[in-house]
Amino acid sequence: MSRVEAKKPSLCVSEPLAEDTVHQSLSVLSGILKSCYGPAGRLKQLHNGMGGYVCTTSQSSAVLRCLSVSHPILMVLTASVQNHISRFSDCGLFTAILCCSLIENYKRINFASCTVIKISKHLLSLCTDYLKSEACGCRVSVDFGNLETLLCLVRSVLTSKPACMLNKTEVDHLTTLTVKAFLLTVPCHVETNPVLGKCIIVPVKGRRVVDSMVFPGLLLETPETQLAKPLSVKRISSNIIKVALFCVSMSGDLFNPEEGSITVHHGISLEMSELDQLLNVGKQLVNDEIGLVVCQKVIHPSLKQYLKENHVVTVDRVGLSMMEPLSQMTGSKPIASVHSFSPSCYGSLKDVCTESFASKHFVHLIPNDTLVCCLMLCNRNETTWDELKRAYEAAEHVLQLTIKEPLALLGGGCTETHLASYVRHKSCNLSTSSFKAIDCSQTQYQLVADAFCRSLESVACSLNHDDGDVFADMVYGHCWFVPSGFSSVSNWSNLVSKCGCGINNNTQNLDWRILQSHFSSPVLQSCPKEPSVKATDFLTLDCFAAKCSGLQVAVETANLILDLSCIIEDQN
């Protein structure tokens with residue numbers, strides 16, 4: 001018997017944020033995430049060091065999933081951001097970068113953590129109240145009667161994922177397809193509790209992005225040998241095909257011995273009994289004028305042949321994932337037994353046809369009311385296709401969130417700099433009673449507010465990856481990017497055409513301030529203004545719900561980490 005090792009005592013670390021290793025790890029993580037941020041973000045290749053799959057990406061969902069962190073503080077931070085991503089699919093890098101910046105900037109001012117946290121909570125409420133107010137100058141309303149804002153939202157998501165390797169034509173094509181696919185899933189009829197439909201992604205790798213297409217209804221892949229041309233389908237009228245949907249095997253398999261024992265009389269063949277039962281099912285389906293039979297599992301070849309002779313199309317092996325959209329689209333109830341079922345389980349379709357693309361062949365189910373559609377998503381190789389799939393799913397989720405709350409925030413760093421300008425203005429105009437309510441001095445409040453604003457501005461500056469300079473104007477508080485080597489030029493408006501979000505142009509006579517400078521930032525004499533004219537073409541927009549949540553998660557996570565006084569780790 002091997003020697004039993006004595007149990008080690010738990011490791012207790014007091015004031016974990018005071019350790020240099022924590023600051024170094026936090027700085028490295030922040031640097032990795034900042035370098036991924038935005039349309040010009042640098043790609044990362046991640047693998048586990050032992051070989052295997054290599055992930056090429058700049059998306060937070062993939063980076064944080066593949067990145068291995070060991071320190072408890074970093075584990076708290078990444079888990080918090082991943083939880084946000086699982087709920088909103090967008091603004092993951094914004095959340096993580098802001099959280100890292102808040103922790104770093106708060107630690108520099110060297111106040112008691114309880115004071116910083118109280119002021120930080122007040123600043124967060126100041127921001128969220130402003131973002132949700134009608135006076136907010138960095139948000140736009142989304143009109144679903146005008147597709148331009150929806151297209152801007154989707155385009156902003158797709159262009160922020162450089163690993164998709166998309167050119168402008170491909171971005172425009174996919175943007176249109178994404179909005180079209182989403183609108184196909186929106187119910188046409190007003191209901192008390194409307195439910196959005198579903199878009200199924202059909203992968204096609206090795207083809208051009210512009211070959212991607214949207215099909216109303218469902219595409220079920222099937223071998224070419226099963227498809228007759230033209231397809232002969234039994235109909236009960238010109239535009240109705242009855243559908244039976246089975247979630248049980250129709251292969252004629254014998255009973256599983258684990259389910260119990262059965263007694264068989266002499267001369268009885270179990271195989272023939274099962275086949276006779278399946279053929280009886282086929283006769284019932286033919287008598288009930290079924291035109292299409294779809295099975296989650298396998299259909300016996302003899303049953304397929306019998307149904308084909310009676311002009312009934314069969315599709316099997318569709319898998320569990322397709323059962324819900326099939327049921328939703330056709331109105332069918334999945335049949336779980338071949339021994340007895342009711343005609344009330346049947347559904348209907350408008351039409352059935354065949355489609356071929358590349359080397360794949362499909363049965364195309366066309367519904368009467370479209371709530372389900374298929375996106376045939378193409379890209380050049382597996383790596384770029386995987387990244388494009390993640391980007392499409394994020395864009396689809398953004399549209400789903402936007403239909404619940406039809407608002408968007410200005411992107412390109414403008415919301416961050418606008419909020420920073422707003423907070424700086426408000427923090428200089430707080431009443432003495434407010435400081436008493438927070439239990440802090442005016443100096444403490446303004447120092448924490450400056451750290452908060454610098455953290456917001458650092459997120460905007462993270463969009464710049466080419467050593468240029470980043471400025472904010474003194475009227476709207478928007479973000480402007482100046483190419484490197486021109487910071488000494490007095491008239492910066494000659495070097496920029498539009499602000500980060502694209503809503504303001506350089507024709508206005510604006511005053512500027514450089515971001516992240518060592519000097520204190522000048523305070524606006526009034527609240528940052530809302531642009532008087534809003535161009536809707538090619539704006540950079542962010543999802544309102546995702547960004548508001550990201551702001552809250554970043555601040556609350558930073559507060560939680562600041563409040564950690566001790567970490568206890570089991571060493572066994």
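Me: Before we look at helix packing in this predicted model, what do the axes and angles refer to?

Reply: Axes are lines fitted to C-alpha atoms, for helices over the stretch in contact, and angles run from 0 to 180 degrees between N-to-C directions. Two packed helices are described by the angle between their axes and the distance between the axes. Here, helix α5 (residues 113-131) packs on helix α12 (residues 414-427) at about 120°, and their axes are 11 Å apart.

Me: Are α5 and α12 perpendicular or oblique to each other, and what is the handedness of the crossing?

Reply: Angles of 65 to 115 degrees count as roughly perpendicular and those over 145 as roughly antiparallel, so α5 and α12 are oblique to each other. Their crossing is right-handed.

Me: Which residues make the contact?

Reply: On the α5 side, look for Leu-123, Leu-126, Cys-127, Tyr-130 and Leu-131; α12 brings His-418, Leu-419, Tyr-422, Val-423 and Lys-426.

Me: Thanks! Now the strands. What is the order in the sheet that contains β15?

Reply: The order is β4-β15-β19, an open sheet of three strands with antiparallel pairing. β4 (139-141) and β19 (541-543) are at the edges with a single partner strand each, so one side of each has no neighbour in the sheet. From one strand to the next, the twist averages 40°.

Me: How many bridges hold β4 to β15?

Reply: Three bridges, in the antiparallel sense, pair β4 with β15 (residues 407-410).

Me: Where can I see a hairpin?

Reply: Go to β16 and β17, which form a hairpin with five residues between them. β16 (residues 469-473) and β17 (residues 479-482) run antiparallel and are joined by four bridges. Asp-469 has Val-482 of β17 as its bridge partner. In the turn, check Gly-477, whose phi is positive, about 70°.

Me: And charged pairs: how many salt bridges are there?

Reply: Side chains of opposite charge can pair when their charged atoms come close. With a cut-off of 4 Å between a side-chain nitrogen of Lys or Arg and a carboxyl oxygen of Asp or Glu, the count is 18 salt bridges. One of these joins Lys-168 and Asp-172, with 2.9 Å between the closest N and O atoms.

Me: Where do Lys-168 and Asp-172 lie?

Reply: Both are in helix α7 (residues 168-184), and Lys-168 and Asp-172 are four residues apart, about one turn of the helix.

Key. Residues are numbered from 1 along each chain as its sequence is written. This is a predicted model: local features need pLDDT of at least 70, side-chain atom pairs count only at pLDDT 80 or more; totals for chains, interfaces and linings use all residues. Side-chain values use heavy atoms; hydrogens and water are left out. Two strands pair if DSSP finds at least two bridges between them. Helices (H or I, at least four residues) and strands (E, at least two) are DSSP runs, numbered from the N terminus. Angles under 35 degrees count as roughly parallel, over 145 as roughly antiparallel, 65 to 115 as roughly perpendicular and the rest as oblique. A crossing is left-handed if the near helix is turned anticlockwise from the far one by less than a right angle, and right-handed if clockwise. Contact means heavy atoms within 4.5 Å.
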